[in-house]
Amino acid sequence: MVPRSWLIYSKKRDAIFCFPCILFGSSSTKQIMPALADAQKGFNDWRHLSPHIPEHENSTFHRENCIKWKMLEQKIKRKTTIDASLQKAIDQETNKWRHILKVCTNILFFCAENNLPLRGSHERIGESGSGVFLSDVDMISKFDPELRAHIESLHKGNISYFTPYIQNELIDILASEVKKQILDDLKA
Ligand SMILES: [Zn+2]
């Protein structure tokens, strides 16, 4: 048995392919090394695997493509590709929303523990009469630059996570968690 990490098999096409040659191979590679480097065809002449695979493996084109593949793999690991910077931006966005959700949930806990109604007579953050929930959001944002920046971006019509719909959804989720806990205690 010879392990070959570059060789891939497609069940649908019932054929084998060379991963790095498909990824990095130029059109000239495909002319010289047809089947294995062609994503549309692949190689399925099973009787002639023996000369074909070693020939492909030892070709200059294949080796060059393998080097490109391994170099990209290293770059991804070191996070120096364009994808890595995009991934970083996605992570930052995810963390931002997690943070906002955490603030909202904690305000809900606070209101529930103190029997406070959430809503006021309008939904304008920072104005009196907006109710305990939005007043709390406004108060916390004075010490929380990330939350403040989020509130300031809201008039552009963005998603806020502060609407009554989200409040009710979070209350429902929390309620079902409490119910689950009570049932678990009873069963125990
Ligand atoms: Zn190859």
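D138 and K142 form a salt bridge in which the closest N and O atoms are 3.9 Å apart; a salt bridge is taken here as a side-chain nitrogen of Lys or Arg within 4 Å of a carboxyl oxygen of Asp or Glu. The structure is a predicted model, in which local features need pLDDT of at least 70 and side-chain atom pairs count only at pLDDT 80 or more, while totals for chains, interfaces and linings use all residues. Residues are numbered from 1 along each chain as its sequence is written, and side-chain values use heavy atoms, with hydrogens and water left out.

D138 also forms a salt bridge with R148, with the closest N and O atoms 3.1 Å apart. This pair links distant parts of the chain, since D138 is in helix α7 (residues 131-141) and R148 in helix α8 (residues 145-152), 10 residues apart. Helices (H or I, at least four residues) and strands (E, at least two) are DSSP runs, numbered from the N terminus. D138 counts as buried because its relative accessibility is 15%. K142 is exposed, with a relative accessible area of 61%, and R148 is partly exposed at 24%.

The count of salt bridges comes to seven. Another of them joins R119 and E123, whose closest N and O atoms are 3.7 Å apart. R119 is exposed, at a relative accessible area of 54%, whereas E123 is partly exposed, at 48%.

The chain is divided into domain 1 (7-78) and domain 2 (83-187), with bounds that come from an automatic or database domain assignment. Taken over C-alpha atoms, the centres of domain 1 and domain 2 are separated by 51 Å.

A zinc ion is coordinated by C18 (SG), C21 (SG), H56 (NE2) and H62 (ND1), at 2.0 to 2.2 Å. Donors are N, O and S atoms within 2.8 Å of the metal (3.2 Å for Na, K and Ca); water is not among the atoms, so sites may look incomplete. The angles among the four donor atoms of the zinc ion are 103 to 120°, and the site is tetrahedral. Four donors count as tetrahedral if all angles lie between 85 and 135 degrees; four count as square planar and six as octahedral if opposite donors are over 155 degrees apart and all others between 65 and 115, and anything else is irregular. For comparison, ideal angles at a metal are 109.5 degrees for four tetrahedral donors. In sequence, the donor residues of the zinc ion are spaced C-x2-C-x34-H-x5-H.

Three aromatic pairs are present in the structure. Rings of Phe, Tyr and Trp (its six-membered ring) pair if their centres lie within 6.5 Å; planes under 30 degrees apart count as stacked, over 60 as edge-to-face and the rest as tilted. One of the pairs, Y9 and W46, is tilted, at 6.5 Å centre to centre and 55° between the planes. Y9 lies in strand β1 (residues 7-10) and W46 in the loop between α3 (34-37) and α4 (49-57), so the pair ties together parts that are 37 residues apart in sequence. Y9 is partly exposed at 48% relative accessibility, and W46 is partly exposed at 38%.

F19 and W69 form an edge-to-face pair, with 5.5 Å centre to centre and 75° between the planes. Because F19 lies in helix α1 and W69 in helix α5, this pair ties together parts that are 50 residues apart in sequence. F19 is partly exposed at 31% relative accessibility, while W69 counts as buried at 11%. The ring of W69 also has the charged end of K70 over it, 4.2 Å from its centre. A charge sits over a ring if NZ of Lys or CZ of Arg is within 6 Å of the ring centre and within 35 degrees of the ring normal. The charged end of K96 likewise sits over the ring of W97, 4.5 Å from its centre.

Most residues other than glycine have a negative phi. D14, which is not a glycine, has a positive phi of about 50°. D14 is placed in the loop between β1 and β2 (15-18) and is partly exposed at 34% relative accessibility. Y161, also not a glycine, has a positive phi of about 75°; Y161 lies in the loop between α8 and α9 (164-187) and is partly exposed at 23%.

Definitions and conventions: Buried < 20%, exposed > 50% of the residue type's maximum accessible area, 1.4 Å probe, protein only.
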